[in-house]
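Me: Could we go through this one together, asking at each step what the labels rest on?

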Amino acid sequence: MKLTEKTIVAALRRNGYKATPQRRAVIHAIANSNDHLTPADIHDRIHQDHPGIGLVTVYRTLEVLIALNLVCELHTGTNFPSYTLSVPQHHHHLVCSGCGEVVDFTGHNLAGLEERLTRESGFRIDDHILEFTGRCRTCQKMSGTVSAAR
Ligand SMILES: [Zn+2]
Ligand SMILES: [Zn+2]
Ligand SMILES: [Zn+2]
């Protein structure tokens, strides 16, 4: 289950952040979009109703939302990071390079890899980002690359 506008606002307050009109406008834009939005997209969408909210405010709000894991930051699919509603658990993404669809997934086993990397590099790993890119079913159908005969 994705977080909603309401649960995000509640989580902000729970973590001691005020749900200012600026923050609410950014959350509203993300929650009401089916796409993942870049900061510029978000700014465009709220500009009409909130001409006073600048791009810098959008960036600052996104920083807070990311720090609290309330939105997901996606690195592939657009030239800039883009943002979408999060789900309340550690998860990763499949991103369609055709239509931009984002599918969340959980459940992976990276423990062995992390162990090996730590051993080989001496690195202390705190976190990881994992995104797979490819084509969703719909986009494969449209380009005729779905092979039914396999
Ligand atoms: Zn996500
Ligand atoms: Zn993970
Ligand atoms: Zn697609």
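Me: Which residue in β4 stands opposite Val 95?
Reply: Opposite Val 95 you will find Val 102 in β4. A word on the basis: this is a predicted model, where local features need pLDDT of at least 70, side-chain atom pairs count only at pLDDT 80 or more, and totals for chains, interfaces and linings use all residues. Residues are numbered from 1 along each chain as its sequence is written, ligands are numbered from 1 in the order in which they are written, and side-chain values use heavy atoms, with hydrogens and water left out.

Me: What makes β3 and β4 a pair?
Reply: Two strands (DSSP runs of E, at least two residues, numbered from the N terminus) pair if DSSP finds at least two bridges between them. β3 and β4 have four bridges, in the antiparallel sense, so they qualify as a pair.

Me: Why do β4 and β5 count as edges?
Reply: The open sheet runs β4-β3-β5, with mixed pairing. β4 (102-105) and β5 (131-134) each have a single partner strand, so one side of each lacks a neighbour in the sheet.

Me: Why is Cys 72 called buried?
Reply: Buried means under 20% relative accessible area, exposed over 50%, partly exposed in between (1.4 Å probe, protein chains only). Cys 72 has 5%, so it counts as buried; His 91, at 11%, also counts as buried.
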